[in-house]
Amino acid sequence: MLTDGPLDVLTGDYLAELTMLILARDRLRDPSLGYAKTFLRQMEECLGLALERGVRIVVNAGGLNPARLAEAIRELAKRQGLQAAVAHVKGDDLLPRRAELGLPEGLLAANAYLGAFGIAECLKGGADVVVTGRVTDAALVAGPAIAHFGWDASELDALAGAVVAGHVLECGAQATGGNYAFFREHDVVRPGFPIAELHADGSSVITKHPGTGGAVTTGTVTAQLLYETGGARYLGPDVTARLDTVRLTQEGPDRVRIDGVRGEAPPPTLKVGLNRLGGHRNEVVFVLTGLDIEAKAALVQRQLEEALPPDARPAELRWTLARTDQHDAATEETASALLRLTARDRDPAKVGRELGKAAVELGLAGYPGFHLTAPPGPGAPYGVFTAAHVDAGKVEQTAVLPDGRRIAVPPAPAAEQLAAGQLDAEQLDAEQPVARRPVADPTAPAPLADQGPTRRAPLGLVAGARSGDKGGDANLGVWARDEAGWRWLAHTLTTERLRHLLPETADLTITRHLLPNLRAVNFTLEGLLGEGVAAQHRFDPQAKALGEWLRSRHLDIPEALL
């Protein structure tokens with residue numbers, strides 16, 4: 001991006017939920033680690049170019065140790081003969097205050113999701129490079145906007161607009177055609193990265209550098225807006241952005257305008273990501289070929305479970321049969337199904353040698369054609385991600401400027417007032433510009449008056465989808481491509497219909513949200529992912545392909561839409 005065209009600020013999001021666990025384990029081995037080492041390697045290649053072009057860099061690569069990463073960047077600049085003003089934001093790490101804040105024991109990491117004003121202070125203090133620990137992904141974009149336009153905490157609509165732009169940018173090429181349901185419509189072999197042109201009122205234009213691959217359309221932007229979100233209110237530490245007020249307009253080739261975004265007061269608490277070790281897990285995959293697949297699966301399951309001594313049996317044994325086999329297949333691989341055994345236990349010994357031994361010893365005594373995809377390993381630890389919430393006023397965010405000065409960053413005023421119960425919503429609306437009366441909740445459109453004849457077909461012919469994870473929950477956003485499709489989708493894709501189409505979700509708590517401006521319904525599926533991605537609870541542990549599974553399911557669709 002530094003060579004493709006002009007930029008003011010280059011941002012990067014390095015902190016997925018799983019990444020925080022990995023960094024916590026790094027820090028256990030070496031207290032000087034805990035940051036994203038990949039970012040430091042990138043800076044070796046392009047710090048000089050960024051300084052030469054006047055591009056400021058804002059990233060959350062500091063992870064669990066932003067101060068050490070900032071120091072490492074200064075050392076790198078010195079080695080390369082560069083003058084770089086480096087600042088960092090601290091205060092998100094709550095592990096040392098675990099007992100004081102009432103957080104559970106046994107944690108590897110506990111990090112509050114900070115907002116954008118610490119980043120803004122660093123930029124106003126002259127930083128060329130700003131590194132943070134755990135901030136909201138959108139803060140990486142909102143912080144530079146606050147510094148540039150001089151917004152304060154009362155300018156909720158502007159802040160909300162910047163948060164929406166930040167959410168679009170946070171996953172890189174997912175906004176320019178990557179991971180896109182209708183990927184065959186564009187050349188996405190090497191999609192370019194998205195750029196947000198921000199304006200003083202919080203509106204923006206999403207685009208990309210000329211000559212780069214992929215595409216920026218209302219569809220690609222809609223897909224990213226639905227990614228890992230829930231309902232109309234997108235909560236953050238600085239503002240609550242109303243996703244149902246977002247307007248998207250195709251302004252030209254690879255240019256999508258975002259405007260109309262309304263903001264409400266942020267909540268009085270901050271989300272805290274908690275990471276801990278959950279235990280140890282192992283996996284054995286049996287290959288079942290040809291005839292009698294289900295009988296073979298039943299045999300090996302009974303044999304293995306009886307072979308395990310009672311005192312060596314793991315706490316959890318989960319069997320999953322994937323029918324990848326084809327009828328009258330032309331190759332052995334396509335004639336085979338996979339039976340996956342996943343074992344979990346707090347005792348590493350119970351998912352290690354005894355489990356592997358029991359599986360391998362069935363090789364000459366089990367079903368015909370017995371073999372495994374790989375020899376069983378020793379098992380490995382797995383992590384668990386959960387979320388807690390703490391009073392925003394108890395989190396001490398600090399901006400450490402390039403000259404060493406430390407600036408305390410207070411929580412959002414609205415959050416403080418609401419937490420103290422000083423004002424109700426109407427008083428806030430009348431007396432405080434920082435928090436207005438909430439925007440009305442979205443409602444469904446009128447149904448199609450006459451659907452006409454229908455045809456059994458995949459949902460994906462008329463709707464796009466994007467899915468992802470939030471801890472143990474999955475998010476699934478589905479959008480229509482035109483107004484008629486939206487009127488049909490909003491009344492057809494109910495929670496009960498979703499349960500029918502995705503039987504894995506039948507017993508889960510599901511919440512459906514409407515986003516009419518995006519012609520979308522967004523579902524939260526509680527507990528689909530167990531204890532989160534690191535626990536590897538299911539075949540697709542981050543629900544990345546959940547939306548594509550839904551799009552492949554058949555239902556009766558009006559022929560007029562098809």
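A cavity here is a set of grid points where a 1.4 Å probe fits but cannot get out. Keep in mind that this is a predicted model.

**Stop 1: the cavity**

How many cavities of 30 Å³ or more does the count give? The count comes to one. The largest cavity has a volume of about 50 Å³. Select Ala16, Glu17, Met20, Ala109, Asn111, Tyr113, Arg134, Gly273, Asn275 and Phe385 to show its lining. Now colour helix 1 (17-29), strand 4 (109-112) and strand 13 (269-289): these elements give two or more residues to that lining. By class, the lining residues are five nonpolar, three polar and two charged.

**Stop 2: the second largest pocket**

Next, go to the second largest pocket, which holds about 1,300 Å³ of space. Its lining has 44 residues. Select Met1, Leu7, Val9, Leu10 and Thr11, the lining residues nearest the pocket centre.

Which helix gives the most to this lining? Select helix 6 (139-149): helix 6 gives the most, with seven residues. Other elements supply at least two residues each, including strand 1 (9-12), helix 2 (37-53) and helix 7. Sort the lining of the second largest pocket by class, and you get 28 nonpolar, eight polar and eight charged residues.

**Stop 3: two packed helices**

In general, two packed helices are described by the angle between their axes and the distance between the axes.

Show side chains at the contact. Val164, His167 and Val168 in helix 7 meet Val221, Gln224 and Leu225 in helix 8. The residues of this contact are four nonpolar, two polar and no charged.

**Stop 4**

Turn to the open sheet with the strand order 8-9-12. Its pairing is antiparallel. Which strands are at the edges? Strand 8 (233-234) and strand 12 (262-264) are the edge strands, and each pairs on one side only. Strand 9 (residues 240-242) pairs with strand 12 over three bridges. Select alanine 241 and look across: glycine 263 in strand 12 stands opposite.

Finally, bring back helix 7. Helix 7 lies across strand 8, strand 9 and strand 12. Its direction is at about 110 degrees to strand 12.

Definitions and conventions. Residues numbered from 1 in each chain as written. Predicted model: local features only at pLDDT ≥ 70, side-chain atom pairs only at ≥ 80, totals over all residues. Heavy atoms only, no water. 1 Å grid on protein atoms, 1.4 Å probe; cavity = no way out; pocket = protein on both sides within 12 Å on 5 of 7 lines; lining within 4 Å. Points joined across faces, edges and corners; volume = space filled by probe spheres on them. Helix = DSSP H or I, 4+ residues; strand = E, 2+ residues; numbered from the N terminus. Nonpolar A, V, L, I, M, F, W, Y, C, P; charged D, E, K, R; others polar. Contact = heavy atoms within 4.5 Å. Pairing = 2+ DSSP bridges. Axes fitted to C-alpha atoms, helices over the stretch in contact; angles between N-to-C directions.
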